[in-house]
Amino acid sequence: MNKNEPDSVARNIKKYRLLNNMTQEELAQHLNLDPQYYAQLERGERNFTLQRVVSVCSLFHIGIEDIIHIPTDNADETQELLQSLHKKMGSMSYVQLLSLDKFIEDIVPYIK
């Protein structure tokens, strides 16, 4: 993640909150958060967890790429990325691989 990404995540979540005519307090309630804590998240003073981003996506019926910038497909870069991931996974423990598998199962459905 680049340094500016958390701010863009907060801006995107705010955009969808406003598009859905929802107050900070209402979204905080949906996320089971204190309204003051949520306000800090939206101002970029704190970072949204992946779980909260997924909850926002589910609530607003949007894809995770609407909140987090995900580059478009490129066949050459895709092959390079797959090779890089394969190398990284080769050194992972069984528990790490199970965690990665769970992460993929939980996130992929939210990507258009």
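User: Is the residue Glu42 buried or exposed?
Analyst: This is a predicted model, in which local features need pLDDT of at least 70 and side-chain atom pairs count only at pLDDT 80 or more, while totals for chains, interfaces and linings use all residues. Residues are numbered from 1 along each chain as its sequence is written, and side-chain values use heavy atoms, with hydrogens and water left out. Buried means under 20% relative accessible area, exposed over 50%, and partly exposed in between, with a 1.4 Å probe and protein chains only. Because its relative accessibility is 9%, Glu42 counts as buried.

User: With which residue does Glu42 meet in a salt bridge?
Analyst: A salt bridge is a side-chain nitrogen of Lys or Arg within 4 Å of a carboxyl oxygen of Asp or Glu. For Glu42, the N to O distance is 2.7 Å, and the partner is Arg17.

User: Which helices does the pair of Arg17 and Glu42 tie together?
Analyst: Helices (H or I, at least four residues) and strands (E, at least two) are DSSP runs, numbered from the N terminus. Arg17 is buried, since its relative accessible area is 6%. The two residues belong to separate helices, so their pairing ties together parts that are 25 residues apart in sequence: H1 and H3.

User: How many salt bridges are there in total?
Analyst: One joins Arg43 and Glu45 at 2.8 Å, N to O; Arg43 is exposed, with a relative accessible area of 52%, and Glu45 is exposed at 53%. Another joins Lys102 and Asp106 at 3.3 Å, N to O. With the pair of Arg17 and Glu42, the count comes to three.

User: In which helix do Lys102 and Asp106 lie?
Analyst: Lys102 is partly exposed, with a relative accessible area of 48%, and Asp106 is partly exposed at 36%. The two residues are four residues apart, about one turn of the helix, and both belong to the element covering residues 94-107, helix H6.

User: How many helices and strands does the protein have?
Analyst: From the N terminus on, the elements run α-α-α-α-α-α. The secondary structure therefore comes, with runs assigned by DSSP, to six helices and zero strands.

User: Which helix has the highest mean pLDDT?
Analyst: The term pLDDT is the predictor's confidence in each residue, from 0 to 100. The mean for the protein is 88, and 92% of its residues reach 70 or more. Among the elements, helix H5 (residues 75-90) has the lowest mean, 88, while the highest, 97, belongs to residues 24-30, helix H2.

User: Which helix gives the most to the nonpolar patch?
Analyst: Patches are made of residues with over 30% relative accessible area and no salt bridge, joining like charges within 9 Å and nonpolar side chains (Val, Leu, Ile, Met, Phe, Trp, Tyr) within 5 Å. The nonpolar surface patch, of about 410 Å², is made by Leu81, Leu82, Leu85, Met89 and Leu97. Met89 is partly exposed, as its relative accessibility is 32%. With four residues in the patch, the main contributor is H5.

User: What is the accessible surface of the protein?
Analyst: Accessible areas come from the Shrake-Rupley method with a 1.4 Å probe, and for residues only the protein chains shown count as cover. Carbon and sulfur atoms hold 52% of the protein's accessible surface, which comes to about 8,300 Å².

User: With which residues is Pro35 in contact, leaving aside its neighbours within four places in sequence?
Analyst: Pro35 is placed in helix H3 (residues 35-42), and it is partly exposed because its relative accessibility is 37%. Its C-alpha atom is separated by 6.7 Å from that of Gln24, eleven residues apart along the chain. Contact means heavy atoms within 4.5 Å. Beyond the neighbours set aside, Pro35 is in contact with Glu25 and Ala28.

User: What is the phi of Asn21?
Analyst: Asn21 lies in the loop between helix H1 (5-19) and H2. Asn21 counts as exposed because its relative accessibility is 71%. Although Asn21 is not a glycine, its phi is positive, at about 50°.

User: Where is His61 found?
Analyst: His61 is not a glycine, yet it has a positive phi of about 55°. Its relative accessibility is 72%, so it counts as exposed. His61 is found in the loop between helix H4 (50-60) and H5.
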